Amino acid sequence: MRKAEMARETTETSVRVSLDLDGAGNCRVDTGIGFFDPMLSLLARHAGFDLEVTARGDLAVDGHHTVEDTGICLGRALYQARGGGKGIARFAHAVLPMDEALVLVAVDLSGRGFLAYDAPCRVEKVGDFACELAEEFLRAVAVNGGFTLHVRALAGANGHHILEAVFKGLAVALKKALRVVGTDLPSTKGVL
């Protein structure tokens, strides 16, 4: 049973995440940020996760706290749901096109959180979502999920296409890295 539930309450946000790594891609998301909701939904769908996210934040200020705290909760849920990592593939990557955009996403579920991000958008916002928040979200997911994440846009001009390719690429890479391929721990150190 690779499932987890996380909650985070601050003076700025209230976030709840429920995650099933072995789901069917079912998703129910409500963050109050229009573009962010479908990105989380397609992440769940293409990773094969069942995901529920409810977030309330200080959106009158901006979306930063809501997006970052959602990433913190999702990262912690990923870490808890995968357990000690026995039997998982651990490493994976995806090269994903979205029209003119082409994005490379690579993960190592090493137990060490790190983000290398090089996927700039030519626009400041896509809908009501500030493009710079994609990097904040991914950093929060990777650091709290205890995994190395590399994201690089290889081509692209349309901000929507680049960001959609990033989220889909993450989904595909996580699906591959989290698949169960045996019973051993995929590490010579004896721990992830």
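L78 touches L19, L21, F49, V141, F147, L174 and L178, leaving out residues up to four places away in sequence. The model is predicted.

**The core**

L78 also belongs to the largest nonpolar core, which has 63 residues. Along with L149 and V151, L78 is among those with the most contacts inside this core. Helix α4 (residues 159-178) gives the core its largest share, eleven residues. In soluble globular proteins, nonpolar side chains tend to be buried together.

| Helix pair | Axis separation | Angle | Crossing |
|---|---|---|---|
| α2 (residues 64-81) and α3 (residues 132-145) | 7 Å | about 30° | right-handed |
| α1 (residues 36-47) and α4 | within 8 Å | roughly 30° | right-handed |

Take α2 and α3. Their axes are 7 Å apart and the packing angle is about 30°. Angles under 35 degrees count as roughly parallel, so α2 and α3 are roughly parallel to each other. On the α2 side, the contact is made by H64, V67, E68, T70, G71, I72, L74, G75, R76, L78 and Y79. On the α3 side, L133, E136, F137, A140, V141, N144 and G145 take part. By class, this contact has nine nonpolar, six polar and three charged residues.

Now α1 and α4. The axes of α1 and α4 come within 8 Å and cross at roughly 30°. That makes α1 roughly parallel to α4. From α1, the contact draws on F36, M39, L42, L43, H46 and A47. From α4, it draws on L163, E164, F167, K168, L170, A171 and K175. These residues divide into nine nonpolar, one polar and three charged.

**R8 in strand β1**

R8 lies in strand β1 (residues 3-9). Leaving aside neighbours within four places in sequence, R8 is in contact with T13, S14, V15, D69, I72, C73 and R76. Among them, I72 and R76 also take part in the contact of α2 with α3. V126 is 118 residues from R8 in sequence. In space, R8 and V126 are 26 Å apart, C-alpha to C-alpha.

Terms used
Residues are numbered from 1 along each chain as its sequence is written. This is a predicted model: local features need pLDDT of at least 70, side-chain atom pairs count only at pLDDT 80 or more; totals for chains, interfaces and linings use all residues. Side-chain values use heavy atoms; hydrogens and water are left out. Axes are lines fitted to C-alpha atoms, for helices over the stretch in contact, and angles run from 0 to 180 degrees between N-to-C directions. Helices (H or I, at least four residues) and strands (E, at least two) are DSSP runs, numbered from the N terminus. Angles under 35 degrees count as roughly parallel, over 145 as roughly antiparallel, 65 to 115 as roughly perpendicular and the rest as oblique. A crossing is left-handed if the near helix is turned anticlockwise from the far one by less than a right angle, and right-handed if clockwise. Contact means heavy atoms within 4.5 Å. Ala, Val, Leu, Ile, Met, Phe, Trp, Tyr, Cys and Pro count as nonpolar, Asp, Glu, Lys and Arg as charged, and the others, Gly among them, as polar. A nonpolar core is a set of buried Ala, Val, Leu, Ile, Met, Phe, Trp, Tyr and Cys residues joined through side-chain atoms within 4.5 Å. Buried means under 20% relative accessible area, exposed over 50%, partly exposed in between (1.4 Å probe, protein chains only).
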